[in-house]
Amino acid sequence: MKLGLLPLGRPTFDVPFAEEKLAAMCAALDATGHEIAGPRTLLFDAGTTEAAIADLQAAGIDQLLILQVTFTDASMTVAAAHAFPDTPLSLWAVPEPRLGGRLRLNAFCGLNLASHALGRAERGFGWLFADPAGDVAADLESMLAGHRPSGRMRPHGNAMRTTPEAEDIADRIATRRIARIGAHPDGFTTCAYDPDEIERLAGVSVDEIPLERLFDDARALPEGAEAAVRAAAEAQMTDLESVDQAELTRSLRLKTALDGLRAQGDYDAFAIRCWPETFTEYGGAVCGPVAMMGEARVPCACEADVYGALTQLVLQETAQDPVFLADLVDIDTADGTGVVWHCGQAPISMRDPDVAATATVHTNRRMPLLYEFPLKPGRVTFLRISQAFGQPKMVIAAGEILKRPMAFTGTSGVVRFDNPAGQVLADVIASGLEHHVALAYGDHRQALRDVAGAMHLPVMEL
């Protein structure tokens, strides 16, 4: 069989480490005995990837293998799938060690985005999440032989069952207002939304505000307007003085500007395009302000993820507690655990009380303000109001945050799901789940099932 390779990566991650992983992936592929075509260097941009796709089309291949070496958005994966409509497609992503430092690759999140986008495009694929340095030969050959298909997980559960309490929650959600600030990044189909569809689904209204409006409002604040926000941050974390103070001031002013927008528009949640413009055009991170808003029960979704904001509202209303919109960035089937993480925006009440919260900078963009701490041990419920495969549904999971050292910088927690880790991994891919899931402490599964009934949503449980 002739395999065509597309090794995808982003230069904002640890490129030498990614190149090391790519070399090991290529060595494992060479050991299969299949003929290999395509580049063996990382493809960082659309131009080089499109040229590689054209070369593979000219070469003629029997199967296309996308190597998800670091996180990327799904745009080039979808483009490659369209370029080879009748050719079997497989994706291989690599894990990385949980050493407490930055996410050096974040490849699982790239696989997550790709699986959702391919599901929305009704394109099946094979997949593998495994370290090429391990005993990967059998699983690799199984994927290439078509024995590890993505499949399609069907909703289950009685979505018609409800209660008066669940009806009240659905009714309260129907009065909520979300402000989407900026558009979602290209290639993030996980964050796309239709305002008419979301209003029909949940009754919420969405206002679209230009990202520049947030920046302008923050810049226009009088000198010292962020003083109260800084005092709140100082009460919650250490090391504020260690970060760039001008960038810190700009970051804190975003919190004050968000408060002003909320008051003007009577908004209950935000969906904010957080990168790259907050760094490249404004000069300060919104992650710390988002953590503060979440603690005040005004949830904010990254990457202008409107359905993520809706998910947070539903879970917050059900749990009556702050919620955290996180990425699932790792599942270790040998350890039986996963890692939920985001840059540094978990509500402070989720901090492990034995570990101080510290101020830090964004790992890729190197600007403050972000919170850093591991999540506290305890029972948690996960939720996503999903658009997977183009059909709205409620996806629920549960597990236990363990007392473990911090897996990665920012805010993260090691979770042991109720179901075996290997099953959860397969279900995440088969469900076409978006890469953002909300979590709240406590077991709220039955209440959420009832809310799903009130919202006329089918239910999936991972």
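Which residue meets Arg213 in a salt bridge? In this predicted model, where local features need pLDDT of at least 70, side-chain atom pairs count only at pLDDT 80 or more, and totals for chains, interfaces and linings use all residues, the side chain of Arg213 meets that of Asp217 in such a bridge, with 3.0 Å from N to O. Residues are numbered from 1 along each chain as its sequence is written, and side-chain values use heavy atoms, with hydrogens and water left out.

A salt bridge is defined here as a side-chain nitrogen of Lys or Arg within 4 Å of a carboxyl oxygen of Asp or Glu, and the structure holds 30 of them. Arg213 and Asp217 are four residues apart in helix H8 (residues 211–220), and are therefore separated by about one helical turn; helices (H or I, at least four residues) and strands (E, at least two) are DSSP runs, numbered from the N terminus. Arg213 is partly exposed, with a relative accessible area of 32%, and Asp217 is also partly exposed, at 22%, where buried means under 20% relative accessible area, exposed over 50%, and partly exposed in between (1.4 Å probe, protein chains only).

A salt bridge also forms between the side chains of Lys21 and Asp131, at 3.2 Å from N to O. This pair links distant parts of the chain, since Lys21 lies in helix H1 (residues 15–30) and Asp131 in the loop between strand S5 (126–129) and helix H5 (137–144), 110 residues apart. Lys21 counts as buried, at 8% relative accessibility, whereas Asp131, at 28%, counts as partly exposed. Asp443 and Arg445 are likewise joined through their side chains in a salt bridge of 2.8 Å, N to O.

In soluble globular proteins, nonpolar side chains tend to be buried together. A nonpolar core is taken as a set of buried Ala, Val, Leu, Ile, Met, Phe, Trp, Tyr and Cys residues joined through side-chain atoms within 4.5 Å. The largest such core has 91 residues, of which Trp92 and Leu375 touch the most other members, and its largest share, eight residues, comes from H1. When neighbours within four places in sequence are left aside, the residues in contact with Leu375 (heavy atoms within 4.5 Å) include Phe324, Val340, Met350, Ile401 and Tyr441. Another core, of 46 residues, lies apart from the largest one and has Ala179, Ala285, Cys287 and Cys300 among its members.

In helix H5, the buried residues are Leu140, Met143 and Leu144. Seen down the helix axis, these buried residues fall within an arc of 95°, so they line one face of H5, the arc being that of the directions from the helix axis to the C-beta atoms. Their cover includes strand S1 (2–8), H1, strand S3 (63–68), strand S4 (89–93) and S5. Gly146, with a positive phi near 85°, follows H5.

Three cavities of 30 Å³ or more are present, a cavity being a set of points, on a 1 Å grid over the protein atoms alone, where a 1.4 Å probe fits but cannot get out, with lining residues having an atom within 4 Å of a point. The largest cavity holds about 130 Å³ of space, a volume being the space filled by probe spheres set on the points, which are joined across faces, edges and corners. Of its 17 lining residues, Leu328, Phe382, Leu433, Val437 and Leu462 are the closest to its centre.

Conventions: On a 1 Å grid over the protein atoms alone, a cavity is a set of points where a 1.4 Å probe fits but cannot get out, and a pocket is an open set with protein on both sides within 12 Å along at least five of seven lines; lining residues have an atom within 4 Å of a point.
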